[in-house]
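This report covers the sheets, cores and selected residues of one structure. The sequence and coordinates come first.

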Amino acid sequence: MKKYILDLTVKQTEHISAKHVLLRLTDSKPLPEMLPGQFVEVRVDGSASTFLRRPISINFVDKEANELWLMVAMIGEGTRQLGHLNVGDKLNCVLPLGNGFSMPNPIPAYSPSILLIGGGVGVAPLLYMGAELKKQGVEPTFLLGARTKDDLLEVDLFRQYGRVCITTEDGSEGEKGFVTNHSILQQEHFDRIATCGPKPMMMAVARFAQQANIDCEVSLENMMACGLGACLCCVEKTTQGNLCVCKEGPVFNVKQLLWQI
């Protein structure tokens, strides 16, 4: 896909938790085509200590409103600076980058059963995927995990596109435990799984999928700098050798990865 460098305008900011801000960006021209699972490299202005762009997952694309949504976890100097953007500010973005999730091709009289599993800020790319699946007539099931109910993100938005199941580590919302402990994994069968979140969580999901003989894709969150496969800082060992996550991923089928699952 063609890549663009755009100065997008901040249309709205919303602090959706104590640590996360949702940026709604727009442009005077129609935004380029973007796929679920792809990401954006954003330039951080106004920070003397931030020299590299920051990779941010595409959270949602509202084509009618010509909006790109980015969910930012404010965990470092660069991302905290992004959290201070105001309506009308410009954000320089390189997009769309990477390869997204595989999207099914539903056939008449059959709709695949798809489970989308997200943990923490890793839920971000699954919202857009769920919306695109529903457009195709496939209603996914979301399994969202967090430490506490206060750490859950965009739950009401997810419910617009499918059934939502929740786990929290302290049991304050949904079932207590990790996503791989949720009862739905034992009670129902799924044709496919897509997941994004902390690596230990994704590896646990991959183990479950392998044992249940379910096709599974994961969105890796390796350290990225250029987003174009030039700097080699995001390399992942795979069955095809060392691959740049930013260029060949960030989405991989778990069968490609050298995870000992």
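At a relative accessibility of 17%, Asn-66 counts as buried; buried means under 20% relative accessible area, exposed over 50%, and partly exposed in between, with a 1.4 Å probe and protein chains only. The model is predicted: local features need pLDDT of at least 70, side-chain atom pairs count only at pLDDT 80 or more, and totals for chains, interfaces and linings use all residues. Residues are numbered from 1 along each chain as its sequence is written, and side-chain values use heavy atoms, with hydrogens and water left out.

Asn-66 sits in the loop between S4 and S5. Helices (H or I, at least four residues) and strands (E, at least two) are DSSP runs, numbered from the N terminus.

| Side chain | Backbone atom reached | Distance |
|---|---|---|
| Asn-66 | oxygen of Asp-27 | 3.0 Å |
| Asn-66 | nitrogen of Leu-31 | 2.9 Å |

Leaving out residues up to four places away in sequence, Asn-66 touches Leu-25, Thr-26, Asp-27, Lys-29, Pro-30 and Leu-31. Contact here means heavy atoms within 4.5 Å.

## The barrel

Six strands close into a barrel in the order S1-S2-S5-S4-S3-S6, with antiparallel pairing. Neighbouring strands of this sheet are turned by 45° against each other on average, direction ignored. Two strands pair if DSSP finds at least two bridges between them.

Strand S4 (residues 54-62) pairs with strand S5 (residues 67-73) in the antiparallel sense over four bridges, and Asp-62 stands opposite Glu-67 in S5. S3 is joined to S4 by four bridges, and these two strands run antiparallel. Three bridges pair S3 with strand S6 (residues 90-97), again in the antiparallel sense. Val-42 has a bridge partner in each of these neighbours: Arg-54 in S4 and Cys-93 in S6.

Strand S3 (residues 39-42) is covered on both faces, with Phe-39 and Glu-41 buried on one side and Val-40 and Val-42 buried on the other. The loop between S3 and S4 holds Ser-47, which is buried with a relative accessible area of 10%. Ser-47 touches Glu-77 and Gln-81, not counting residues up to four places away in sequence.

## The open sheet and its helices

An open sheet of seven strands has the order S10-S9-S8-S7-S11-S12-S15, with mixed pairing. Strands S10 (175-176) and S15 (251-253) stand at the edges with a single partner strand each, so one side of each is left without a neighbour in the sheet. Strand S7 (residues 114-119) and strand S8 (residues 141-146) run parallel and are joined by five bridges; Gly-119 stands opposite Gly-145 in S8.

H2 packs on this sheet, touching S7, S8 and strand S11 (192-196), and its direction makes about 160° with that of S7. Helix H5 (residues 199-211) also packs on the sheet, touching S7, S11 and strand S12 (215-219), at about 170° to the direction of S11. Axes are lines fitted to C-alpha atoms, for helices over the stretch in contact, and angles run from 0 to 180 degrees between N-to-C directions. Helix H2 (residues 124-135) lies across S4 and S5 as well, running at about 30° to S4.

## Nonpolar cores

A nonpolar core is a set of buried Ala, Val, Leu, Ile, Met, Phe, Trp, Tyr and Cys residues joined through side-chain atoms within 4.5 Å. The largest has 51 residues, and those with the most contacts inside it are Leu-25, Leu-68 and Leu-91. H2 supplies the largest share of this core, seven residues. Apart from it lies another core of 32 residues, including Phe-190, Val-205, Val-218 and Leu-257.

## Cysteines

How many disulfides does a search of the whole structure find? The search finds zero, a disulfide being a pair of cysteine sulfur atoms within 2.5 Å. Cys-93 is buried, with a relative accessible area of 0%. The closest cysteine sulfur to that of Cys-93 is in Cys-226, 16 Å away and too far for a bond. Cys-226 is in no disulfide either, and its nearest cysteine sulfur, that of Cys-231, is 3.7 Å away. Cys-226 counts as partly exposed, at 24% relative accessibility.

How values were computed
A polar contact is a pair of N or O atoms within 3.5 Å; within protein, one must be able to donate a hydrogen and the other to accept it, and residues adjacent in sequence count only if both atoms are side-chain atoms.
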